[in-house]
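I opened this notebook to keep track of what I looked up, entry by entry.

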Amino acid sequence: PADASALSDILARGTLRVGTTGDYPPFTKRDPAGDYQGFDIDLARSLGAALGVRVEFVPTSWPTLAFDFQAAKFDVAMGGITVTLERAKLGFFTEAYIREGKTPIARCADKDRFATLEQIDRPEVTVLVNPGGGNERFDRAHLHAAHIEVKPDNTTIFEALAKGEGDLMITDASETRYQQKLHPGVLCAVHPEAPFDFGEKAYWAA
């Protein structure tokens with residue numbers, strides 16, 4: 001929870017500033033008109049209503065999230081934020097609302113080829129990743145032979161995967177399940193019930 005002074009500032013200002021990337025559905029998504037939607041967006045609006053303040057969504061990105069947090073550009077970060085030690089050193093996390101981990105998603109015809117890190121970490125394999133977040137950190141830590149291709153636009157990375165611009169992506173199990181629903185018969189989550197590691201998502205406040 002935010003401390004009393006932070007809460008007092010929010011109430012005095014009459015605005016809750018929520019930092020969110022807008023590129024991580026189903027948690028947060030920004031449409032071409034600039035409007036936000038998603039699971040965490042709904043909860044942010046609910047929090048604002050409970051406090052009796054207006055909610056202002058502040059755009060951020062995974063590479064700049066920590067810098068924007070330290071610069072106090074927002075009061076709380078929401079939108080599929082993974083709990084990490086580095087982030088916990090800078091602010092407080094709420095109780096986790098999702099516990100999951102990293103797992104692959106690939107074209108359905110290829111999903112059996114990428115069930116283990118040993119199968120993935122080969123020179124002929126191209127792994128797509130969005131920059132600056134937990135996905136890239138995981139890939140850099142665990143993959144040393146595979147080709148890691150950074151795609152700067154997280155909103156189109158799964159379309160690129162479906163088109164064959166890479167072999168797979170490793171991301172949170174919840175995102176693989178969501179993208180599988182958006183691309184039925186094309187993209188398949190690979191053992192989302194048994195991810196490679198363990199992680200938690202929560203809200204991050206100063």
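**Entry 1: burial and the disulfide**

I began with a cut-off: a residue is buried when its relative accessible area is under 20%. The model I am reading is predicted. I looked up Cys188 and found a relative accessibility of 12%, so Cys188 counts as buried.

I noted where the two cysteines sit: Cys188 is in strand S13 (residues 187-189), and Cys108 is in the loop between strand S9 (102-107) and helix H5 (117-120). The pair therefore ties together parts that lie 80 residues apart in sequence. I also checked the handedness, and because the torsion about the S-S bond is about 90°, the disulfide of Cys108 and Cys188 is right-handed. My count of disulfides came to one.

**Entry 2: salt bridges**

Side chains of opposite charge can pair when their charged atoms come close. How many salt bridges does the structure hold? I recorded 12, and I followed up some of them.

I took Asp75 and Arg13, where the closest N and O atoms are 3.0 Å apart. Asp75 lies in the loop between helix H3 (65-70) and strand S6 (76-77), while Arg13 belongs to helix H1 (residues 4-13), so I logged this pair as a link between distant parts of the chain, 62 residues apart. Asp75 has 13% relative accessibility and counts as buried. Arg13, at 35%, counts as partly exposed.

I then looked up Asp110 and Arg113, which form a salt bridge with their closest N and O atoms 3.7 Å apart. Asp110 is buried, with a relative accessible area of 15%. Arg113 counts as partly exposed at 42% relative accessibility.

My next pair was Asp172 and Lys201, with 2.5 Å between the closest N and O atoms. Asp172 is in strand S12 (residues 168-172) and Lys201 is in strand S14; this pair also links distant parts of the chain, 29 residues apart. Are Asp172 and Lys201 buried or exposed? I found both of them buried. I also noted that Asp172 and Lys201 belong to a network of salt bridges together with Glu100 and Lys102.

**Entry 3: the second largest pocket**

Rolling a probe the size of a water molecule over the atoms shows where empty space is left. I looked up the second largest pocket, and its volume is about 250 Å³. It is lined by 17 residues, and the closest to its centre are Thr82, Thr84, Lys102, Gly134 and Asp197. Helix H6 (134-142) and strand S14 (199-201) are the elements that give two or more residues to this lining. Which of the elements gives the largest share? I wrote down H6, with five residues. Sorted by class, the lining has seven charged, six polar and four nonpolar residues.

**Entry 4: a sheet of three strands**

I ended with an open sheet whose three strands run in the order S2-S3-S4, with antiparallel pairing. Strand S2 (23-24) and strand S4 (36-37) stand at the edges. Each has a single partner strand, so one side of each is left without a neighbour in the sheet. I checked how S2 meets strand S3 (residues 28-30), and the two pair in the antiparallel sense over two bridges. For Asp23 I noted Lys29 in S3 as the bridge partner.

Key: Residues numbered from 1 in each chain as written. Predicted model: local features only at pLDDT ≥ 70, side-chain atom pairs only at ≥ 80, totals over all residues. Heavy atoms only, no water. Disulfide = S-S within 2.5 Å. Helix = DSSP H or I, 4+ residues; strand = E, 2+ residues; numbered from the N terminus. Buried < 20%, exposed > 50% of the residue type's maximum accessible area, 1.4 Å probe, protein only. 1 Å grid on protein atoms, 1.4 Å probe; cavity = no way out; pocket = protein on both sides within 12 Å on 5 of 7 lines; lining within 4 Å. Points joined across faces, edges and corners; volume = space filled by probe spheres on them. Nonpolar A, V, L, I, M, F, W, Y, C, P; charged D, E, K, R; others polar. Pairing = 2+ DSSP bridges. Salt bridge = Lys/Arg side-chain N within 4 Å of Asp/Glu carboxyl O.
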